[in-house]
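Please keep the sequence and the coordinates at hand while reading.

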Amino acid sequence: MNFQIRNYRKSVAAVAFLLLFPLLYLSQTYSVQNVHMVLPTRRNKTFDVCIVGAGLSGAVIAERYAAVKNKYVLVVEKRNHIGGNCYDFIDNETNIRVSKYGAHLFHTKYKDVWEYVQMFSEWVPYEHKVLAFVDGKHIPIPVNINTVNSLFDMDIKSIEDMDAWLKKEQIQYKHEPLNSEEMALSRVGLKLYKLLFRPYTIKQWNKTPTELGPTVLARIPVRNNWDDRYFSDQYQALPKRGYTNLIKNMLKSPQITVRLNVDYFDVRYKIECGKTYFSGPIDRFYEKKGLPKLEYRSLSFERKVLKNMDHFQPASVVNHPSLKDNFTRIVEYKWLPNQEFRSNDTSIVYERSTADGEPYYPVPNERNQNLYKRYKTFANSDPDIYFLGRLANYKYFNMDEAIKNALEMFYKTVND
Ligand code: FDA
């Protein structure tokens, strides 16, 4: 890829920037926003691949092109850090490692993904457990025998009894569930639906479950045993030194150049790329086509430091389904076992679901699915650009799915 510096004045500025560059590179947080016209060329050589976004998806593509194909890769990232939504850091005030964009727990059933991530980090085994605060009690989530016993003062003692209880509760429809309410009622029945799933869904999506497609609540895990792990995948762990470090290791080849604080749309006509992989929102890429925007839910995070407190709550994540609480959950990162330092304090983060802000969760309804298909038609007829990751696919990906998607994309397109 070649950043072309077209006139003398820009060249002077480019020299100045190159002189400053080593210092700025070390800090990893330099801003080239105002000088993107003079982004440095890779002296006398060209970049083969450009990648938009330094999240997990972009990092996999960059790593593979450098490691497998020995290619020169440029990654542009509009934020001031790598890692995308997996970005974490050690908070100076408390010495606790926290995630900037919500708790991230790695879990996968894919052996190839598990083996791939071993190359970039040591891993600490960790099976995530979540509680919900309901009617003054902490109950385990996903719903299992203990949840039902605790919520309804029951004494279910066997899998058979739990199956029988669920069967009695579940509402049978003659048709496939038409929306998320029907889906939830067919899986857990009215009591659990009213207490947990309906209010939590309203808080998370600002829509009632009847307004959401059946898929949203199709994946709520309900267990007929005592398994209170949040995920049941074979591989569950946290990167020992955090996700930012994991992704930094993926990007560490000298063949890979990362530019932070660069919005691709500010530089796209000033750069020439052999190939481009785009991991930003697909509707932003095609915004000039005049279609409506795709809808996303976002989150706001409110952090509180609690001095001289060991822990605030009994688990790293406590969900608050009740409509009386104006937040969806509280995350206390100190519980996570990949902390590096001891802290006398703790910090908690209140999460609230919002309509505005960073695009996090695609809203899976018919309008958005149809709209996405129209965007996808543009993408299919655009031979020079590959779309990858959760924003470009308009699909919620767990981290392992993002990695898998990117690995598959690499092997499918590497010889194009
Ligand atoms: P991601 O969004 O991370 O990266 C895209 C990057 O592109 C961003 O850094 C963005 O700034 C950049 N970009 C966009 N437009 C650009 C432009 N025009 N120019 C330059 N750069 C641009 N998964 C899991 O397995 N376990 C978990 O516990 C969680 N928890 C979780 C919590 C929350 C709140 C969210 C929102 C998500 C999760 N996830 C998760 C999912 C996980 O975050 C997700 O799988 C990965 O971040 C996907 O990585 P991508 O690279 O696809 O997107």
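A residue is called buried when its relative accessible area is under 20%, exposed when over 50%, and partly exposed in between, with a 1.4 Å probe and protein chains only. By this rule tyrosine 360 is buried, with a relative accessible area of 7%. The model is predicted, and for that reason local features need pLDDT of at least 70 and side-chain atom pairs count only at pLDDT 80 or more, whereas totals for chains, interfaces and linings use all residues. Residues are numbered from 1 along each chain as its sequence is written, and side-chain values use heavy atoms, with hydrogens and water left out.

A pair of aromatic rings is described by the distance of the centres and the angle of the planes. Rings of Phe, Tyr and Trp (its six-membered ring) pair if their centres lie within 6.5 Å; planes under 30 degrees apart count as stacked, over 60 as edge-to-face and the rest as tilted. The structure holds 30 such pairs. Helices (H or I, at least four residues) and strands (E, at least two) are DSSP runs, numbered from the N terminus. Tyrosine 101 lies in the loop between strand E5 (96-99) and strand E6 (106-108), and tyrosine 360 in the loop between strand E17 (346-354) and strand E18 (361-362), so the pair ties together parts that are 259 residues apart in sequence. Tyrosine 101 also counts as buried, at 11% relative accessibility.

The rings of phenylalanine 285 and tyrosine 286 have centres 4.8 Å apart and planes at 75 degrees, so this pair is edge-to-face. Both residues are buried. Ring pairs join them to a cluster that also includes Tyr264, Phe265, Phe278, Tyr375, Phe378 and Phe387.

The sulfur atoms of cysteine 50 and cysteine 273 are 2.2 Å apart, and the link is left-handed, with -90 degrees about the S-S bond. Cysteine 50 lies in strand E2 (residues 49-52) and cysteine 273 in the loop between strand E12 (271-272) and strand E13 (275-278), so the pair ties together parts that are 223 residues apart in sequence. Cysteine 50 is buried, with a relative accessible area of 3%, whereas cysteine 273 is partly exposed at 25%.

The ligand comes next. A residue is near a molecule if one of its heavy atoms lies within 4 Å of it. There are 35 residues around the ligand, of which Ser57, Glu77, His104, Phe397 and Met399 come nearest. A polar contact is a pair of N or O atoms within 3.5 Å; within protein, one must be able to donate a hydrogen and the other to accept it, and residues adjacent in sequence count only if both atoms are side-chain atoms. A side-chain N or O atom of serine 57 is 2.6 Å from an oxygen atom of the ligand, and a polar side-chain atom of glutamate 77 lies 2.6 Å from a ligand oxygen atom. From asparagine 85, a backbone N or O atom lies 2.9 Å from an oxygen atom of the ligand. Helix H2 (56-69), helix H8 (264-267), helix H11 (389-392) and helix H12 (399-413) each supply at least two residues of the shell.

Terms used
Disulfide = S-S within 2.5 Å.
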